[in-house]
Amino acid sequence: MIKNDWRSDILCKIESDTPLVFGLDISSSTIGWGLISITNPLNLVCYGIVKPLDAKHNEMERLDGVFNYIFNLTKELSPSIISIEDVFLFMKGNSTARTITILMAFNRISALASYQVNNNINFYSVHQIRKIIKNAYNIDKVIEKEDIPDLIINNLSDKADSLIIQNPF
């Protein structure tokens with residue numbers, strides 16, 4: 001079970017003939033998602049976040065809720081391509097085996113849910129995403145994680161950093 005009904009936060013206007021990219025930025029506490037149409041320029045179709053059940057619930061309930069949410073959302077949006085931020089295996093100060101294991105479980109259950117609808121899935125590392133951002137926006141400086149939301153707001157008028165990984169298209 002997810003805190004929000006998965007349909008309640010979707011307000012999308014989808015043109016059936018436009019290829020769509022569905023981006024996911026996954027953690028165990030928040031999942032950001034976005035849908036863009038592959039047009040020139042890129043067009044934001046819709047985006048949202050969901051808060052999975054917290055650690056007070058058992059892991060199977062949490063994973064089941066995420067799977068169902070992502071599966072239903074992917075099915076509803078019918079994307080052509082799915083882009084997912086891959087798990088970063090070392091997070092300075094946060095790299096306990098438990099943290100990485102939980103993050104990997106949420107990441108892969110979300111990928112599996114999307115794969116059940118469309119097997120055209122691409123994973124991007126944090127390094128690849130930052131390089132894509134630098135190239136897309138002609139940025140010379142090192143991009144920190146904290147800078148990404150502002151770049152997206154300024155360039156895509158969006159608050160979901162899951163959208164940035166769709167820029168290679």
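**Getting to know Asn-107 and its surroundings**

User: Leaving aside its neighbours within four places in sequence, which residues is Asn-107 in contact with?

Analyst: Welcome! This is a predicted model, where local features need pLDDT of at least 70, side-chain atom pairs count only at pLDDT 80 or more, and totals for chains, interfaces and linings use all residues. Residues are numbered from 1 along each chain as its sequence is written, and side-chain values use heavy atoms, without hydrogens and water. With contact meaning heavy atoms within 4.5 Å, the partners of Asn-107 beyond those neighbours are Ile-26, Ile-84, Glu-85, Asp-86, Val-87 and Phe-123.

User: Is Asn-107 buried or exposed?

Analyst: Asn-107 lies in helix α2; helices (H or I, at least four residues) and strands (E, at least two) are DSSP runs, numbered from the N terminus. Buried means under 20% relative accessible area, exposed over 50%, and partly exposed in between, using a 1.4 Å probe and protein chains only. Since the relative accessibility of Asn-107 is 1%, this residue counts as buried.

User: With which side chain does the side chain of Asn-107 make a polar contact?

Analyst: A polar contact is a pair of N or O atoms within 3.5 Å; within protein, one must be able to donate a hydrogen and the other to accept it, and residues adjacent in sequence count only if both atoms are side-chain atoms. At 2.5 Å, the side chain of Asn-107 meets this rule with the side chain of Arg-108.

User: Over the ring of which residue does the charged end of Arg-108 sit?

Analyst: Here the rule asks for NZ of Lys or CZ of Arg within 6 Å of the ring centre and within 35 degrees of the ring normal. The charged end of Arg-108 is 4.4 Å from the centre of a ring, that of Phe-123.

User: Which residue meets Arg-108 in a salt bridge?

Analyst: A salt bridge needs a side-chain nitrogen of Lys or Arg within 4 Å of a carboxyl oxygen of Asp or Glu. For Arg-108 the N to O distance is 2.9 Å, and the partner is Asp-86. Asp-86 lies in the loop between β4 (81-85) and α2, so the pair ties together parts 22 residues apart in sequence.

User: How many residues apart are Glu-59 and Arg-98?

Analyst: The side chains of Glu-59 and Arg-98 also meet in a salt bridge, at 3.4 Å from N to O. This pair links helix α1 (residues 59-77) with helix α2 (residues 97-115), and the separation is 39 residues.

User: How are the rings of Phe-67 and Phe-71 arranged?

Analyst: Rings of Phe, Tyr and Trp (its six-membered ring) pair if their centres lie within 6.5 Å; planes under 30 degrees apart count as stacked, over 60 as edge-to-face and the rest as tilted. Two aromatic pairs are found by this rule. For Phe-67 and Phe-71 the centres are 6.1 Å apart and the planes are at 5°, so the pair is stacked.
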